[in-house]
Amino acid sequence: MDHQPKFFENLSGAGKAIGVLTSGGDAQGMNAAVRAVVRMGIYVKAKVYFVYEGYQGMVDGGDNIVEVSWESVSSILQVGGTVIGSARCKSFRTREGRLQAACNLVQRGITNLCVIGGDGSLTGANLFREEWSGLLEELAQTGKIDAEAVKKYAYLNIVGMVGSIDNDFCGTDMTIGTDSALHRIIEVVDAIMTTAQSHQRTFVLEVMGRHCGYLALVSALACGADWVFIPEYPPEEGWEDTMCVKLSQNRARKKRLNIIIVAEGAIDCHNKPITSEKVKDLVVQRLGFDTRVTILGHVQRGGTPSAFDRILASRMGVEAVLALLEATPATPACVVSLSGNQAVRLPLMECVQMTQEVQKAMDEGRFLEAVRLRGRSFENNLNTYKLLSHKKPDAELPKTNFNVAVLNVGAPAAGMNAAVRAAVRVGITEGHKMFAVIDGFEGFARGKIKEISWGDVGGWTGQGGSILGTKRTLPAKYLEKIAEQMRTNNINALMVIGGFEAYLGLLELSAAREKYDEFCVPMVMVPATVSNNVPGSDFSIGADTALNTITDTCDRIKQSASGTKRRVFIIETMGGYCGYLANMGALAAGADAAYIFEEQFDIRELQANVEHLTEKMKTSIQRGLVLRNENCNENYTTDFIYQLYSEEGKGVFDCRKNVLGHMQQGGAPSPFDRNFGTKIAAKAMQWISKKLKETYRKGKVFANTDDSVCLLGMRRRNLVFQPVAELKTETDFVHRIPKEQWWLKLRPLMKILAKYKTSYDVSDSGQLEHVAMLPKEAVPAPI
């Protein structure tokens, strides 16, 4: 449906005052949310106030509620925790406390609150909103405020953002802080794996999450743990024996280490706690393995926020201000949240009730219901984990007599190996014989193909690059030889994991079907490229890891620039013609500008950026950061921009340049890429099985329709299979990018947060949805 774009220019915050507070446990990314609320609030001409120390500061008033400026939130984007403090507040739970808080807000004219916290904090805010008019009347009766104030500040608007590492809030796929906590856990697991391997040890890791098993489950998926204990899915009666048998089988398969992950709220089916110590004692007594316990504790809450959390929090912060500007007395308190790749608004109390339902279901032993209530993302993670962690005995596996080959094509991307592992293991579970092709289409033509087993892919999730080897070569010049190899090895289906070359490769293979029957088999592509330039998918495996590398580097460069003062850095990122990394890197790092191919720019714009930075140097923020996509303009090169800035900024700032290069393709995959790669490849493999059954006729597989060559991509809220032939019209083949890219809508966000005047299309936001309406059987969210 074609909607008329709706811009926020006509939403003015003039005369409004917004209070922002963080409450409950801290989470990485809260500062990014605070920064976005403050800057967006000031941008729309509202007054913005910090409320220090959560609700305690609201009750105490005084210096705890302070009006802030643009510069107040400078340099906090990369800081973990919350700079405005958070405290658990007993007095706000009493009516007297809330009365005092209302008085403090009214004195400053604050009738819009943005609360960043967990379900407890948000429930408290909702109660405050419901009592508001009664509180004001009581204040007027006691003479604390006048009748005019009661009229003027008659109603309170509340918008919540969920900041919690536990990801235990229903209605949102990811809460602010969850991705960063996963980063901390995975860093520890990766480090522990090397020492465990050296000594043939078993490690029991306890992770946080209160009564929610999300962190445990996703980290188990992301590191290929042998066993995981979570509160929503307690192990069956007799689990002790089952676990010990599995651990000893893994040792017998030459696996030198075992990793067991325990959620802090883990229970058995009788609601009795399962502790990490109990698990350790069990392994030592039954198996005599050298076993150690590591309790991660508050490490998980600390450290710098990941790129995902910064972008999530920035998007949510801006959305929260829009929601407050549009709110009326009839609007219920809402939560801004993420569903798939879309910002949504949900009624706060519906989310809270559903969150409480989960706990109730667990208390009453209705565990399947608890898993369902946690949402589609959680359910999907659990099903994928169950699919990949336990190999059935060969006798119990079905035998399909189909041979499926997996190959990597294009440049290496972190997360490719996790995708290969998932594909191989799901394929084996479905009864197929799995083959690995070494070195892409070139290796295929040369006959570099071998059968690959369940055990061969053990420990692959955390490995960067491409273990199978990958090449950019397209199949067109090797068609004859590839067809011969497919015939020789009797390959019945292909899974290609790669970037734009993989997409072109599948188009070439399907075009060659007329000449070669061997290519008349189901083929599926899983997008994996740091550039995120594949049509048909909002995300590709590897882009998140590259984004984190860029963000980390920018953080260090900003620190260096802050030290020297009056310095501007020009940073060149990869991506071919696709500006995803430059644009999103700029949003995550708090850059002043990002030059990309998709948005043409000229010398006037470069001049305006220099003037903007010159103005900025007069403030207390005396540093600048500019990102440039490698192919954004053939004449305005990184050197040209560096020289222009150096000349124009003489006497005001000096300039440095930095080309990030191939470090963006390396490194251990981020939790997002491991998980996304695992889930998307597992789903692609299940599609292959379905297609093989559909196209098997008279003893052979024959598939020659367009819908038997598909790309599996993430589209807004769903994972969808799309025939590659249909994606041709969506592709700019000259510049190797999709014609339409979702992230361009976030470009104004980066500009607003860097103090540029711009127009921002808000047509997608503004509709309040209902939690119950979220599709139950829908496909997974990105994480």
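Predicted model: local features only at pLDDT ≥ 70, side-chain atom pairs only at ≥ 80, totals over all residues.
In which strand is threonine 470 found? Threonine 470 is found in strand β15, which spans residues 470–471.

Threonine 470 has a relative accessible area of 17%. Buried means under 20%, so threonine 470 counts as buried. Its surroundings can be listed. Setting aside residues up to four places away in sequence, threonine 470 touches Asn408, Val409, Gly410, Ala411, Pro412, Asp439 and Gly440. Two of the contacts go to backbone oxygens. The side chain of threonine 470 has a polar atom 2.7 Å from the backbone oxygen of glycine 410. The side chain of threonine 470 also reaches the backbone oxygen of asparagine 408, at 3.4 Å.

Now go back along the chain to strand β5, residues 157–162. How many of the six residues of β5 are buried? Six of the six are, and the strand is mostly covered. Asn157, Val159 and Met161 point one way from β5. Ile158, Gly160 and Val162 point the other way. Both sets are buried.

Strand β5 has pairing partners. One is β4, residues 112–117, which pairs with β5 in the parallel sense over six bridges. Within that pairing, isoleucine 116 stands opposite methionine 161. Another partner is β10, which pairs with β5 in the parallel sense over three bridges.

Strand β10 leads on to helix α11. The buried residues of α11 pack against α4 (119–141), β10 (334–339), β11 (342–347) and α12 (367–374). Those buried residues are Leu348, Cys351, Val352, Met354, Thr355, Val358, Ala361 and Met362. The helix length can be checked. Helix α11 has 16 residues, 348–363, and at 1.5 Å a residue it should span 22 Å. Its end C-alpha atoms are 23 Å apart, which agrees. After α11 comes glycine 365, with a positive phi near 80°.

Glutamate 350 also belongs to α11. Is glutamate 350 buried or partly exposed? Glutamate 350 is partly exposed, with a relative accessible area of 26%. In sequence, glutamate 350 and valine 106 are 244 residues apart. In space, their C-alpha atoms are 28 Å apart.

Helix α9 can be read in a similar way. It has twelve residues, 276–287, and at 1.5 Å a residue they should span 16 Å. Which residues of α9 are buried? They are Ser276, Val279, Leu282 and Val283. These residues cover an arc of only 125° around the axis, so they sit on the same side of α9. The buried residues of α9 pack against strands β6 (202–207), β7 (227–229), β8 (258–263) and β9 (291–295), and against helix α8 (239–252). Just after α9, glycine 288 takes a positive phi of about 70°.

Four strands form it, in the order β19-β20-β18-β21, with parallel pairing. Which strands lie at the edges? They are β19 (593–595) and β21 (654–659), each of which pairs on one side only. From one strand to the next, the twist averages 20°.

Strand β19 runs parallel to β20, residues 623–629, and three bridges join the two. Alanine 594 has leucine 627 of β20 as its bridge partner. Helix α19, residues 580–589, packs on the sheet. It touches β18 (567–573), β19 and β20. The direction of α19 makes about 160° with that of β20.

The last stop is a hairpin, formed by β24 and β25. Strand β24 covers residues 709–715 and β25 covers residues 718–723. The two run antiparallel and are joined by six bridges. Glycine 713 stands opposite valine 720 in β25. How many residues lie between the two strands of the hairpin? There are two, and arginine 716 in the turn has a positive phi of about 50°.

Conventions. Residues numbered from 1 in each chain as written. Heavy atoms only, no water. Pairing = 2+ DSSP bridges. Axes fitted to C-alpha atoms, helices over the stretch in contact; angles between N-to-C directions. Contact = heavy atoms within 4.5 Å. Expected span 1.5 Å × (residues − 1). Buried < 20%, exposed > 50% of the residue type's maximum accessible area, 1.4 Å probe, protein only. Arc of directions from axis to C-beta. Polar contact = N/O pair within 3.5 Å; in protein donor to acceptor, adjacent residues only side chain to side chain.
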